[in-house]
Protein chains: 2
Amino acid sequence: MNTTNGASGALAGVRVLDLTQFEAGPSCTEALAWLGAEVVKVENPQGGDQARAAWTEKQGIDSWYFLIFNANKKSVTCNLKTEAGLQLVKRMAREADVFIENFAPGVIERLGLSYDVLREENDRLIYAQVKGFGEGSPYEDFLAFDMIAQSTGGLLSITGEPDGQPNKPGATLGDTGTGMLLAISILGALYQRQSTGKGQRIQAAMQDAMLQYTRVAYAVQASTGKPAPRAGPKIITGGTAPCGIFPCDPGGPNDYVYIYTSRAGNHQWNRLLSAIGRADLHDDPRFESPAKRMDNQADVEDLLSQWTRQRNKREAMEILGKAGVPAGAVYDSMELYNDPSLEERGIFQTMAHPDRGDFKMPVWPVKMSGSEVPLAAAPLLGEHNEAVLGSWLGIGADEIDALKADGVM
Amino acid sequence: MNTTNGASGALAGVRVLDLTQFEAGPSCTEALAWLGAEVVKVENPQGGDQARAAWTEKQGIDSWYFLIFNANKKSVTCNLKTEAGLQLVKRMAREADVFIENFAPGVIERLGLSYDVLREENDRLIYAQVKGFGEGSPYEDFLAFDMIAQSTGGLLSITGEPDGQPNKPGATLGDTGTGMLLAISILGALYQRQSTGKGQRIQAAMQDAMLQYTRVAYAVQASTGKPAPRAGPKIITGGTAPCGIFPCDPGGPNDYVYIYTSRAGNHQWNRLLSAIGRADLHDDPRFESPAKRMDNQADVEDLLSQWTRQRNKREAMEILGKAGVPAGAVYDSMELYNDPSLEERGIFQTMAHPDRGDFKMPVWPVKMSGSEVPLAAAPLLGEHNEAVLGSWLGIGADEIDALKADGVM
């Protein structure tokens with residue numbers, strides 16, 4: 001199902017020359033593609049983006065991972081180790097609005113496609129880069145992947161049980177989290193260019209980007225004078241009861257409901273007591289204020305667990321949510337995938353892929369009443385060689401045949 | 001230290017009318033403010049944004065949390081429960097480019113400031129909303145906070161030890177993660193409006209937004225047919241050794257180094273062996289391929305732990321990183337706060353606040369060569385009443401005095 005509301009894409013007409021691979025870069029360019037930009041992946045003719053083969057269970061078939069992060073894009077093959085290939089990229093850069101790469105440190109400069117080179121070709125070009133560590137960092141030459149960024153950016157230190165080892169959040173914040181911040185910056189630069197007519201260089205480092213998502217830790221630290229802690233399922237700001245997960249029937253690994261009540265007063269707590277049939281405790285001195293409930297946290301948690309254990313997580317969430325108590329079931333990926341509402345509302349949509357068939361996947365989750373936000377298949381390797389080189393550069397079939405014969409495409 | 005490169009802000013001239021509080025909305029509008037938009041918080045005269053008082057240790061002084069999420073903004077007080085207050089917001093909406101709110105479900109409509117009302121005032125207005133659950137969801141009327149979004153959006157199910165309970169990532173993805181996706185959509189709509197001249201309605205739901213950051217789980221699930229698992233410090237895609245944290249001297253709660261080697265061949269593994277002085281194992285049959293290393297994961301981990309325990313995490317990271325092995329120390333918030341490189345590179349900057357004094361905090365982490373990305377203090381409550389009403393509406397001191405006398409401001 002495509003979401004079509006009769007409007008065009010917000011970024012219709014914006015051309016993105018995309019030399020990224022795996023996830024930090026591709027998640028960024030995919031966000032631009034959801035919004036209607038024409039994103040052209042430039043891939044080596046020998047296999048292309050490494051994500052095509054990584055974690056695939058069938059050799060020669062693009063991985064699910066690749067499909068998820070490359071919806072709506074086009075693919076052109078180009079061997080950057082040939083002079084003709086480099087010239088082709090430069091010609092495309094002249095026609096592009098955005099250029100983006102996430103090669104290992106130093107690679108793009110050694111290829112001869114640095115910012116200083118491409119700005120000479122096109123001073124309107126927005127030249128964006130993702131690296132693991134920032135320019136000027138002692139680690140600027142180091143390789144990084146999602147988990148390295150999350151470690152060095154502070155995320156592992158605040159995730160996990162208080163008495164356990166650091167844990168990695170399951171979310172790929174080092175990759176997609178960085179990609180989203182880069183997309184914001186690119187969009188800002190595109191907006192600015194409408195008045196200045198000039199492009200610029202934009203650099204995102206994955207370690208640095210992690211701080212954007214963990215800023216609460218710096219508020220905690222400013223208050224306590226100590227590094228922000230790990231809090232298991234609770235929150236690192238602490239000081240509130242109830243705030244955590246409570247076990248539900250039938251006791252599987254994700255059969256829990258999160259329950260929280262505001263510490264700004266008793267209104268949510270009193271709703272909670274009524275909802276669980278314990279209005280008799282409205283005046284209990286153990287629970288008469290947020291501070292008292294924190295002092296008697298074990299009693300609060302016993303009381304709620306007795307109630308939650310009698311219900312499954314959906315029932316518990318519905319009863320509490322309807323009563324105006326913040327509560328949420330701990331859903332796993334399969335439960336979300338099978339949730340009829342998420343599909344009806346278009347949060348999951350189905351990609352029709354030539355090799356994979358129909359694949360239901362999460363799409364851009366923000367609703368826009370005035371912009372088309374479609375879903376089209378992730379491209380096969382080199383699928384758009386003719387179409388893109390034709391429309392961007394006016395290159396015809398003969399020249400493409402020659403480029404192929406020369407091993408450029 | 002402000003970052004000033006002689007350019008103007010990317011969004012200079014963009015006016016944002018900001019009725020949000022706490023974090024999901026404020027993190028979005030702060031991103032727009034970093035990029036140069038004029039963001040005006042509209043706050044109730046009795047205390048304003050609840051985040052000012054939440055987690056503050058000094059009554060009447062804005063919390064660190066508030067400072068972090070409201071840099072570069074302005075504040076105007078307005079009592080939305082008065083007719084004159086509502087009229088004032090409508091007048092401001094006529095002058096604004098973006099309107100944004102994250103009240104509880106139904107509140108903005110009951111106030112009489114729905115999309116249908118404000119589009120009549122200004123059809124160029126981009127009207128953005130954040131809710132916990134999407135319009136049409138069975139939970140659309142439920143309250144939500146960061147942890148509720150993370151629970152119901154699948155994040156807790158993939159975070160924590162494999163044999164332990166679900167854990168909440170320390171990062172506030174439900175809030176800031178949603179805010180970043182909303183910022184991308186707003187920027188797309190602003191770009192589009194340059195050609196269409198029309199605004200639109202944009203809606204982000206915190207549960208839905210979580211899927212954007214956990215899409216790897218849906219690739220895992222597509223491969224295995226099972227819900228994505230919890231993997232402790234490892235990765236939910238699994239299947240790679242080494243991939244995880246290794247204990248370092250002196251054995252504190254965050255004294256670990258993350259080590260990973262690619263499963264596309266032996267090049268990183270062989271570098272690792274050389275770096276730890278075990279080149280003698282290059283031909284060891286236990287480790288001769290990625291699959292063998294996975295089969296002998298315990299031996300791989302023993303071998304590396306013996307080496308890491310002899311070093312602190314910084315030494316371990318430097319030796320491995322220089323050797324071309326992906327490796328990262330597990331840094332805590334205090335170590336990052338005190339990191340000289342992060343400060344020199346402007347990732348941490350100091351806010352000069354009238355009540356709090358100097359406060360060093362993380363700022364917008366993406367570098368933009370052609371845009372000014374300044375840091376100015378978070379506003380005191382109502383600090384810009386005169387300035388904003390004067391410049392936006394031409395309202396003078398007399399009228400403001402009358403509004404104050406009437407309890408509107």
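Through which surface do the copies meet, judged by the interface residues of chain A and chain B? 100% of the interface residues of chain A are also interface residues in chain B, so the copies meet through the same surface.

## Model and conventions

This is a predicted model: local features need pLDDT of at least 70, side-chain atom pairs count only at pLDDT 80 or more, and totals for chains, interfaces and linings use all residues. Residues are numbered from 1 along each chain as its sequence is written, while chains are lettered from A and ligands numbered from 1 in the order in which they are written.

## Domains

Chain A has a domain 1 (15-213 + 340-405) and a domain 2 (243-247 + 256-329). The bounds come from an automatic or database domain assignment. Between the C-alpha centres of the two domains of chain A lie 44 Å.

## Interface

Chain A gives 118 residues to the contact, and chain B gives 118. Contact means that C-beta atoms, placed from the backbone, lie within 7 Å. Helix α7 (residues 173-196) of chain A supplies the largest share of chain A's side, 16 residues. Helices (H or I, at least four residues) and strands (E, at least two) are DSSP runs, numbered from the N terminus. That side of chain A holds 66 nonpolar, 39 polar and 13 charged residues. Nonpolar covers Ala, Val, Leu, Ile, Met, Phe, Trp, Tyr, Cys and Pro; charged covers Asp, Glu, Lys and Arg; polar covers the others, Gly among them.

Strand β12 (residues 367-368) of chain A runs antiparallel to strand β6 (residues 200-205) of chain B, joined by two bridges. Pairing requires at least two DSSP bridges between the strands. M368(A) has I202(B) as its bridge partner in β6(B).

Notes
Two residues are in contact if their C-beta atoms, placed from the backbone, lie within 7 Å.
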